Number of protein chains: 2
Amino acid sequence: VKTIDDYKKHLARVADINSASGILSWDQEIYMPPGGGQFRARALSTLAGLSHEMFTDQKFGDLLERLSDDASVNGVMKKNIEKSLRDYRRWKKYPTSFVEEMSRCVSEAFQAWQKAKSENDFQIFKSPLANLIKLKREESDLLGYKEHPYDAHLDLYEPDMKLSVLKGVFEGVRKELVDFVKIIKEKPQVEDGFMRRHYPKDKQWAFGLEVLKQMGYDFNCGRQDISSHPFSLSLNPHDVRVTTRVDEEDLNNMIWSCIHEGGHALYEQGLNPENFGLPAGEAASLGIHESQSRLWENQVGRGKSFWKYFYPKLQSVFSENLGDHNLDAFYKAMNKVEPNFIRTEADELTYHFHIMIRTEVEEAIISGDLAVDDIPDYWNSKYDAYLGIKVPDNRKGVLQDIHWSHGSFGYFPTYSLGSFYAAQFYFKAAADLPNMESDFSRGDFSALLQWLRKNVHSVGRTETSEEICHRVTGEGLNFSWFMKYARGKYSEIYGL
Amino acid sequence: VKTIDDYKKHLARVADINSASGILSWDQEIYMPPGGGQFRARALSTLAGLSHEMFTDQKFGDLLERLSDDASVNGVMKKNIEKSLRDYRRWKKYPTSFVEEMSRCVSEAFQAWQKAKSENDFQIFKSPLANLIKLKREESDLLGYKEHPYDAHLDLYEPDMKLSVLKGVFEGVRKELVDFVKIIKEKPQVEDGFMRRHYPKDKQWAFGLEVLKQMGYDFNCGRQDISSHPFSLSLNPHDVRVTTRVDEEDLNNMIWSCIHEGGHALYEQGLNPENFGLPAGEAASLGIHESQSRLWENQVGRGKSFWKYFYPKLQSVFSENLGDHNLDAFYKAMNKVEPNFIRTEADELTYHFHIMIRTEVEEAIISGDLAVDDIPDYWNSKYDAYLGIKVPDNRKGVLQDIHWSHGSFGYFPTYSLGSFYAAQFYFKAAADLPNMESDFSRGDFSALLQWLRKNVHSVGRTETSEEICHRVTGEGLNFSWFMKYARGKYSEIYGL
């Protein structure tokens, strides 16, 4: 018992350092004055190094080995130890100097990306991006891989995921979704111009808070702020924050980022505070994380029942803009399918083409087949090929996403995986909770939230994505559930 | 040179950790959701322990000893090493466990104090305060002292200061200031009711930002937020933040907290970024820090030249409230002398009675002569004796200040010391810069700021308060400059 206590105490201390890094990043994206960037990069790098040093402490490794051989350790604690040992062995592969250099490069890249995007100039981002890519390719070798260097990165976000498996999933997308979107394209387009009337910021903000509250997000243990790229951040289960963006000329931005980040936050708020720092107190994977945000955003938030409750409220807030459009018109408008340059503004079908493109670009980058200079052209050619649109400039192209500037390669695919898990989970939830949709129309989301807490949130990272998926739905990830959802919903909307 | 680099690198890493603690505290007071308190206390404690562990690392101590004996180290670097060695020897006296416990107790006390103050209930604060006092008394013994256990605490904020010296300074206050305030009291009171009309928050906020900007505060390397107790915080010279409070029914609050915290921030923004982490990159003492805030608040901000520039602007912003009062009326109103319960709202003369009271209460607490239960009565009896006012409740009494909840005992006296240094510096600045006041009336504060940067800010902590005072003014702290300032200004205002 003494050693288990040491184990928990050590991980909680590491988690404290990571929380501090969390606040430094949160502040960097929201409140930090412009001049603070260089010193902030220093501080983040020092903390990243410290966290890594503490986690890979040889004594801690010895303790983990001992505990993993200890027959008296079982149940959830055994799983904790297993996961921690896996983490330990992985992080041990990184020299602390590498971690610090990565952190420094990331801060520099983030600041360069912000500037590059705002000035629509890829050249500003080029050199920090090249530094990052160099480190990322080194990282593949440090971590090791069996099939493809990209697998080492995928595994960081979605444990055990491989490019070959991913390509199999995307093959399904390519075969079924591409054709389905083609059929939709031939139908008359829905009207959504009224979504882009003038929606005052304060009213949007207030409505977003109301939605979050109703979903079950606990403001006593969270807060919302404005940032240019919406995100959620968990410092601990009692301090889980979200950000949103508000575009006064487009109602979509705020609504979808609020619900999406809210979904992420509900997951983190659903982790047991007593497991702070332990794998049992962490999210299972980014794919599962994304399944939660997507389920709330798409299955719930883009569903009709949700808006049976919220639309009259929205109409009364924005009566000038929405008074002349009924629920059905609004429902169709917000589910409009149309190829678009910006991933975060994509509909839930063509969204996955954006992810396929990024996955192919990242594969080429990590393989070393694509020079940094050539990334924009390669990117643009893919948009032409898959979505049939010409990217007008890099701001609407390769500079749109924050991820690379955060050093995240192999992260994008989790968005598609999450969407597909979400569809699969949702069919099961609907089967378990026959009154769920009618609850939604009364603004009651508690049964679904409880279901997610019990079935997904509560296990933390003691199960893998696929284990969770099997336990909850009786099978592994199966893309056909997503297609079933898509066909059902969009056949009605587009009258197929 | 290699070892000097190691020395600088090590201190910069410690400073990175301290910056992280800074952001956690800043966030705790401004943006943290209520539920986050317990985990925040954990994280702060872990970081405090880490910072202490790194600073008191034996290898670092050995390096300092070696460098301090190294004849080739001289100039500013020699002073850096001397100060660091002094710090090292002091912090080495604390076990890391004590530092962590202190940090935990402080977070708990801070949260209890917030609740106690908002509910006007000393009982809520009592037990965390008792824990803190126990630790503080232990701290006296850990640090050691020659004359009085309180000296160990004074020395933390004002190096080398002793209670006996402080009592000498306050004896001057008691002899001259008490009588002077009595004379003022016999004169007809100035009218200031118009300061407490309704002043809308947004307009106050915007005016405050304008004042800060004009003073020379660099918003590219800083920002202002709202907090219940205004403070300034330097993470590094490129990220120096201030907070203010806005009372819509009293214009004084915002104005004085803006200028005061702005004064602190100008000092921190004036430290050389290349000295980040070194004593040369830190403020000399809290007394000198306060001299900067007070100089801007009182000598500059409560002066007539400052308002020759700003009052027409203020009048145009609040024309309904101020249109019927000219500059002279405003000048008198904002300099009204009147005993009052709240230190932070006190005029610049009776302010020092508040400090004397706190010093006497703290002396009794640290001596162990005063039980926690008896603090409110003791406090109230002093207000009756020195200011002739009956404290109506603890919110307006012993619960008003944040300091004890931060674990700060021995901090208050630096406020009076700072005011007295400020008066002394200002007379010298006025002698050196004959056009200073006329510059002010045109909104130009740059000559004064440059003078402060050159004479006070630039040396950082390589000189003591008294060394700075001697170098700048030709003598040590001399209370008579403050009295000269007070007599000159208030004789005119009250027609003595």
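This is a predicted model: local features need pLDDT of at least 70, side-chain atom pairs count only at pLDDT 80 or more; totals for chains, interfaces and linings use all residues.
Residues are numbered from 1 along each chain as written, chains are lettered from A in the order written, and side-chain values use heavy atoms, without hydrogens and water.

Q: How many residues does chain B give to the contact with chain A?
A: Contact means heavy atoms within 4.5 Å. Chain A gives 38 residues, and the number from chain B is 38.

Q: How many salt bridges are there between chain B and chain A?
A: A salt bridge is a side-chain nitrogen of Lys or Arg within 4 Å of a carboxyl oxygen of Asp or Glu. Arg241(A) and Asp27(B) form a salt bridge at 2.7 Å, N to O. The count between the two chains is eight.

Q: Why is the pair of Tyr157(B) and Tyr411(B) tilted?
A: Rings of Phe, Tyr and Trp (its six-membered ring) pair if their centres lie within 6.5 Å; planes under 30 degrees apart are stacked, over 60 edge-to-face, and the rest tilted. Here the centres are 5.2 Å apart and the planes stand at 55°, so the pair is tilted.

Q: Is Tyr157(B) buried or exposed?
A: Buried means under 20% relative accessible area, exposed over 50%, and partly exposed in between (1.4 Å probe, protein chains only). Tyr411(B), at 22%, is partly exposed. Tyr157(B) has 15% relative accessibility, so Tyr157(B) counts as buried.
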